[in-house]
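Trainee: I'd like to learn how to read a protein model one feature at a time. Could you walk me through this one?

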Amino acid sequence: MLGVFDIFKIGIGPSSSHTVGPMRIGVRFLEEAAQAGALEKTLRVKADLHGSLALTGIGHGTDKATILGLMGFKPDETDPDEAERAIKKVNETKRITLHGGTEIKFDPKKDIDLRGDITPDLHPNEMRLTLFNDAGDELYSAVYYSVGGGFIASEKQLNTPAEDDLIVGARAGRHSFASAAELLSLCRDQNCSIADVIVENEDEHRPRTETEAMIDKIWFAMRDCVDRGLKTRGELPGGLKVKRRAPSLYAKLAEAPLANEREQLFDWLNVYAMAVNEENAAGGRVVTAPTNGAAGIIPSVLKHYCVVDDQENLAHIRTFLLTAAGIGILYKQRASISGAEMGCQGEVGVACSMAAGGLAAVWGGTPAQVEHAAEIGMEHNLGLTCDPVGGLVQIPCIERNAIGAVKAVNAARLALRASEEHKVSLDQVIETMRQTGLDMSRKYKETSEGGLAVNVVEC
């Protein structure tokens, strides 16, 4: 089942579902086609993008991600500059070297078909890949789905869910839990924290020191993304002419280091979150947390509360990320983290919930207080729509991460200061999010057919 490094994955922007997922699909498709012996006679490959992948595909870079995946680029290993050069060459030469070494003709305008008029039944992010021979006969074809946070699934997988699909942590074997209630019960029985439960599950797969090194690598990628975003000026790609704001805001904060901490609290959280999401919008290297569209919230809170005078408290950072991962696993298993399924409540809402729980743990909260913080973080994001202007992960996405970071901190504070048992559980709020997402109109779920996307004039 799911673990820490399923929730936190290094990739490139601007979207985990529309960029990271399609890249992984392209690699997987050609590896399966090679096993079936279909690559030897292949002279053409065609990609059909349906639903949300088509409707916001250009703005989210899905066309580029499709090319990169077919070429064998893997999200966690891809250098954004190298990727851009590869895409430019394909567009200029009208040829592509497929993953596995076969070079064929490829015209992105003809061989990538964005069919937003097709509404998939299984999941809004549907992708069909097909190989043809020189006579135009079909050699191999498969349908895949990018289900959020960089996760992918075949048509067969979504049609035949595992019998133990809700047994979260079953992969690890030591501490299985199917709900937040069961997770809290484990913590009570073992007299341990949520982070302890999650890391002990990871112990089943590798030595503890290796897991800690991998967690640190995730944090270093987040930290480096913040740093790049604070330094890089200019205009974001895509046509909206959105200028990066994080560097100028950071410069103003740096010039007034002794200003009132309460006044600056929001500013610091804002600038860190915006730095990450501006990098994401530019196609930079980010960490799904749990998605690219919501990638700025957790790094922002970590940077502000776990790094003091440039000194990183790695023990706190690990506790934070392990706790946040445990919460993210619950959302992924019991609902969804896909904006195309749940709206932005499934992205920014989940990230806010994860960050609130992680910070509560760092501040010494009990497992019950952590669960309460995570519940508050989502409760006040319920119904949040995904309506990117121009199909770009810029407006309102960048500012929405800044607001989400502030909400997460407030949720943690409220939970730690609560004087009585709370009435709404994390399990109840996750189920409410799921039901809300199912009821939400399609036009508010990463299609750019409603909300701000149709009421804001593109410039």
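Predicted model: local features only at pLDDT ≥ 70, side-chain atom pairs only at ≥ 80, totals over all residues.

Trainee: What should I look at in its backbone?

Mentor: Start with the general idea: most residues other than glycine have a negative phi, and most peptide bonds are trans. K94 is not a glycine, yet its phi is positive, about 60°. With a relative accessible area of 35%, K94 is partly exposed.

Trainee: Where is D309, and what is its phi near?

Mentor: D309 belongs to the loop between β10 (307–308) and β11 (311–312). Its phi is near 55°, again a positive value in a residue other than glycine. D309 counts as exposed, at 69% relative accessibility.

Trainee: You also mentioned peptide bonds. Which bond joins I395 and P396, cis or trans?

Mentor: That one is cis, with omega about 5°. P396 is found in the loop between α17 and α18. Another cis bond runs from A289 to P290, where omega is near 0°. P290 is in the loop between β9 (285–288) and α13.

Trainee: How would I read a residue in a helix, say L230? What does it contact?

Mentor: Find its element, then its burial, then its partners. L230 is in helix α10 (residues 208–231), and it is buried, with a relative accessible area of 8%. Neighbours within four places in sequence aside, L230 is in contact with A246, P247, Y250, V271, Y272 and A275. For a sense of distance, L230 and K445 are 215 residues apart in sequence and 30 Å apart in space, taken C-alpha to C-alpha.

Trainee: Now to pairs of helices. What describes how two of them pack?

Mentor: Two packed helices are described by the angle between their axes and the distance between the axes. Take α10 and α13: their axes cross at roughly 90° and come within 10 Å. The two helices are therefore roughly perpendicular to each other. On the α10 side, W219, M222, V226 and D227 make the contact, and on the α13 side I298, P299, L302 and K303 do. Sorted by class, the residues of this contact are 6 nonpolar, no polar and 2 charged.

Trainee: And at what angle do α13 and α14 pack?

Mentor: Helix α13 (residues 297–306) and helix α14 (residues 314–334) pack at about 150°, with their axes 10 Å apart. An angle over 145 degrees counts as roughly antiparallel, so that is how α13 and α14 lie to each other. The crossing of α13 past α14 is right-handed. In this contact, I298, V301, L302 and C306 of α13 meet H316, I317, F320, L321 and A324 of α14. By class there are 8 nonpolar residues, 1 polar and no charged ones.

Trainee: I298 and L302 of α13 turned up in the contact with α10 and in the contact with α14. How many residues of α13 are buried?

Mentor: Of its 10 residues, 9 are buried, so α13 is mostly covered. Among them are I298, V301, L302 and C306, along with K303 and H304.

Trainee: Let's step back to the whole chain. How many helices and strands does the protein have?

Mentor: It has 20 helices and 11 strands. The C-alpha trace spans about 75 × 50 × 45 Å along its principal axes.

Trainee: What radius of gyration would a compact globule of 459 residues have?

Mentor: It would be near 23 Å, and the protein has 22 Å, which agrees. Burial can be read for the whole protein too: buried residues make up 56% of the 459.

Trainee: And what share of the contacts links residues 24 or more positions apart?

Mentor: Counting contacts with a separation of 6 or more, such pairs account for 76%.

Note on methods: Residues numbered from 1 in each chain as written. Heavy atoms only, no water. Axes fitted to C-alpha atoms, helices over the stretch in contact; angles between N-to-C directions. Helix = DSSP H or I, 4+ residues; strand = E, 2+ residues; numbered from the N terminus. Parallel < 35°, antiparallel > 145°, perpendicular 65-115°, else oblique. Left-handed = near helix turned anticlockwise from the far one by under 90°. Contact = heavy atoms within 4.5 Å. Nonpolar A, V, L, I, M, F, W, Y, C, P; charged D, E, K, R; others polar. Rg over C-alpha atoms; globule rule 2.2 N^0.38 Å. Buried < 20%, exposed > 50% of the residue type's maximum accessible area, 1.4 Å probe, protein only.
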